[in-house]
Amino acid sequence: MEEDSLAIAATAPLSHTGVILIPRIPHLEFCLACRELVPEFRDRKPNALVQVAVLDAHEHGIIAYACTEVVEGTRDPLFLTGVSLSPDWPVYEESLIKLSVYDVKDKSHQTSSFLGSASFSVADLLKSKDQQLSLSLRTADDSAAVGTVVVCRLKMGEIEDGEVDHIAADTHQKCTLVCEASHGTTNDKDNGPLMSAVFKNPVCKVYRFQTVDSKWMLVREQMAECTLSFSIPMQLLSLFIQEDSRRIQDLNDLGELSPHWDNLRRDVIARYSQLIKIYQETLAELEKLTGPVFKPSCSKAQKYLEFIPINLHTQRMRVTCPRKTDSFYDVITVGAPAAHFQGFKNGGLQKLLSRYEAEKKSYSTAYQCIYYSPEHTAKAREILSTVAQLQPLICGLADRLLLAAQQRSSHSLREALKSLAEKTEQFVHALKDELVKSALLALHAARPGYVSKSQTSGQPEAHSTPTQHQNTNPNQTPEPDAIICNNVAGSQTPPKRENSTPPKSQDIPHHKEYDEEEWDRVWANVAKSLNCVIAMVDKLQEQDNNNQDSTPDQTLADVITSHNPTADWRDQLSPLVVGLKDCVSEVAERASKSMTFVLLQEASCSTPHGLQLQQRRDTVFSQALAALACGFVMRLYAGIEDKGFLRQLHTVGVVAQFESLLSTYSEEIGMLEDMEVGISDLQRVTFRITEAASDDPNNLQPIVSGRRDHYTVEVPLPHQAFQTLPDELRQGKLLQVFPVLFNVGINEQQTIAERFGDISLQERINQRNFDILEAYYKSLSDKVPLDCLPCFQTQTDVKELLETLGQNVVTKKRKNVEILWLAGAICRRLNGIRFTSCKSAKDRTSMSVTLEQCALLRDEHQLHKDYFVRALDCMRSSRLAQGEGAQWDDPEAGSVANHKPPSRHFYPIALLLVSSHLLVVWLILSLVFLLAKYQ
């Protein structure tokens, strides 16, 4: 895979709604073969390679080029790698295509000699018989013919069943891969708005491989950049800024605090302000960027690009076989989500967070603030989010209830009451937590001149500090690991003298005592107010049904309402509804302040590096979410007609399997620790499918909303596509994603780690995520019929694959890549989303993706065993790269030695050989040195 190249966009069938969900196939594709090549030296057979240059007929420049693989040791090579010209390129009938044939002498040094070239126009190919050309190859000085090159156009459709000669044979070979012209292919349709809105700059490669029954299969790889690489992080930055700004406002709304707590609040506000400033500067810089919609690995250390994922690309392999339905296989390639700009000197997020929690307890004592465990702070954020979401919703439903009462619509009134009761009960239940009660008491204790009941009544002679009072009151702090300290005088340390002078009466504020049962009364008033509203609605409907004057029994509604049956419903309901809204507002205000105070304690107890830690976690999460959103959109577009997948999606959710190839050595340990936390944080993300306002590309971009404890990504679909979805999806049901991460290091650094280092991090990650994957499959099996899952030629049961994966996870085996194979196979069988990552999504990622693709061709499409290695070499050869055409030199204009084929990806055998030789040399020199020393 060409490093930092444009990645390949995928293809798929047309939807019944008329919306193309996959980028269309390029208009012109052709394959190549050569006959009777004449090498430079007659005693050797050439290693042939063909470079293809497309010449712009109007500007006389090169607009694109490609190259085939190297076919070794034959004068009649048949190339498996074809040429695919994108419809986005300005290729016309008069455009010229130049074919240059080379004899590659040394692949490791990329040296080659020019044999000959031939040219033809697009019109020549299209108008030729059977759309096939045989062209004579001429030398640079046009003095002699050095063979023939055969060009055969490929079309979408069924492949003919003609037999082929063996590629290695030194006989005249036929270019037998001829496709029948198909009817109603994607080339005949206009490209829909979906893919063009999200996936950009598609690049396609085409191959032909032989099957075990001597037929040909046509394989297309397509990659694309994804606009979400930038749009998702930019939206997240805006949400980070909004959330931290709200935190500052909430802290200011806490009201008057004692000098000690006020100083801590000012420090925390300063930290938030600094973080907001950093994010605003980053967002401003990102808004200035234009050009490619992906971040290359060479930019991973740039500050303003730290929120952008590295080399995020989509890739799809589409396979066309004789008399079979096309199949496609997707994978998202992305660099490991990690804080590359901040570096890994002190480790990654997993280690830093553990160290942070340990240090936070000591800082809570030093700063005399309250320590809350991570579970408590997470609960506080959840309560704040729930209150912020439900309070305006309850108020809106209450107004809707009054509107239905004004219209005297019994049905509407009952429906509005049902929704109001449901949301109110949810609101009450969310606040039924001892954390709220204890936090309210702690907040009261942080007010200036706080005095408890025990101080005013029981022990006037001993003025105990709030710390002493809270530690001796068992009802005050039910949290087992909360350390509550407060100095009313505002000093940094508690007073040393136990017998202090009691505060004077004029120094005590008007709220002298705190009633610990007050919160229970206020909280219970919400439920009571709701019961009154329900009772009134029942009474009004009963009166409306009876339509007669009668004296009903004395009920709750009789006590609190008018007895005039003819009175307006709205007038009778309005006081009760207003009372309910007031109670909800009061409870929401108190709960929000108490939870804000909890978060103030957490921020106050943060280490001096707490700001950088938050920024690091935001950075990693931003990269991970951009990749996940890209994968979800691609999977949704591909499965929009799959009723089984859509049912699985809204019933259980979809699994997102991240395959990591990072080593557990040196700085990649920090990357893996970052990635582990980032992938785990994706559990806080849900998706919702919405209907787009129009087919405009701007209206089809996914939109992120929420706050750090929970985000929702809305994926808009055009009207026609949206109407085909199940009711649950059209009604906006939140869709769950289950991210899992499996890591197996495969490079030479992992060898060192396994022999001399520690791989416990990798083992823990694999075991933990296996448990998540197993739980997902159990839930899927219980709720969705297994016939909703895709069918594969290899009829291995998913349960059996899971058992094998579980055994491999606990097995002590070096570089156990079987874990990655099994996890990937399970993911595909569960309709999941596949991701492959290494440090920069280049060499190791390309090795993994191409090997998986060839394995799929072998297992699912009967790829001939003699073609496996050649197919692997073809897919690992150079990719079409944007912008390289301008650097092309005419092979006839200069010396032969300067004309090398483009760089290729090969097996790292040479590197391993060099490394082993260096090791032997080092051992020999060490032995010589020791012998000389002791002689």
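Helices here are DSSP runs of H or I with at least four residues, numbered from the N terminus. All views show a predicted model.

**View 1. Ser 592 in helix α13.** Ser 592 lies within helix α13, which covers residues 569–604. Its relative accessibility is 21%, so Ser 592 counts as partly exposed; the cut-off for buried is under 20%. Setting aside neighbours within four places in sequence, the contacts of Ser 592 are with Leu 384 and Val 387. Asp 250 is 342 residues away from Ser 592 along the chain, yet the C-alpha atoms of the two are separated by 8.2 Å.

**View 2. Helix α14, residues 610–638.** Helix α14 is made up of 29 residues. From the first C-alpha to the last, α14 reaches 42 Å, close to the 42 Å expected at 1.5 Å a residue. Most of α14 is covered, with 25 of its 29 residues buried.

View 3. Helix α23 is mostly covered: 15 of its 19 residues are buried. Gln 862 follows α23 and has a positive phi, near 55 degrees.

**View 4. The crossing of helices α22 and α23.** Two packed helices are described by the angle between their axes and the distance between the axes. Here the helices are α22, residues 818–829, and α23, residues 843–861. Their axes come within 12 Å and cross at roughly 60 degrees. The crossing of α22 and α23 is right-handed.

**View 5. Residues in the contact of α22 with α23.** From α22, the residues taking part are Trp 821, Arg 828 and Arg 829. They meet Leu 851, Glu 852, Ala 855, Leu 856 and Glu 860 of α23. Sorted by class, this contact of α22 with α23 has four nonpolar and four charged residues, and no polar ones.

**View 6. The chain as context for the close-ups.** The chain contains 25 helices and 18 strands. It has 935 residues, of which 54% count as buried. Its accessible surface comes to about 41200 Å², and carbon and sulfur atoms account for 51% of that area. Among contacts between residues at least 6 apart in sequence, 78% join residues at least 24 apart.

Definitions and conventions:
Residues are numbered from 1 along each chain as its sequence is written. This is a predicted model: local features need pLDDT of at least 70, side-chain atom pairs count only at pLDDT 80 or more; totals for chains, interfaces and linings use all residues. Side-chain values use heavy atoms; hydrogens and water are left out. Axes are lines fitted to C-alpha atoms, for helices over the stretch in contact, and angles run from 0 to 180 degrees between N-to-C directions. Helices (H or I, at least four residues) and strands (E, at least two) are DSSP runs, numbered from the N terminus. A crossing is left-handed if the near helix is turned anticlockwise from the far one by less than a right angle, and right-handed if clockwise. Contact means heavy atoms within 4.5 Å. Ala, Val, Leu, Ile, Met, Phe, Trp, Tyr, Cys and Pro count as nonpolar, Asp, Glu, Lys and Arg as charged, and the others, Gly among them, as polar. The expected span of a helix is 1.5 Å times one less than its number of residues. Buried means under 20% relative accessible area, exposed over 50%, partly exposed in between (1.4 Å probe, protein chains only). Accessible areas come from the Shrake-Rupley method with a 1.4 Å probe; for residues, only the protein chains shown count as cover.
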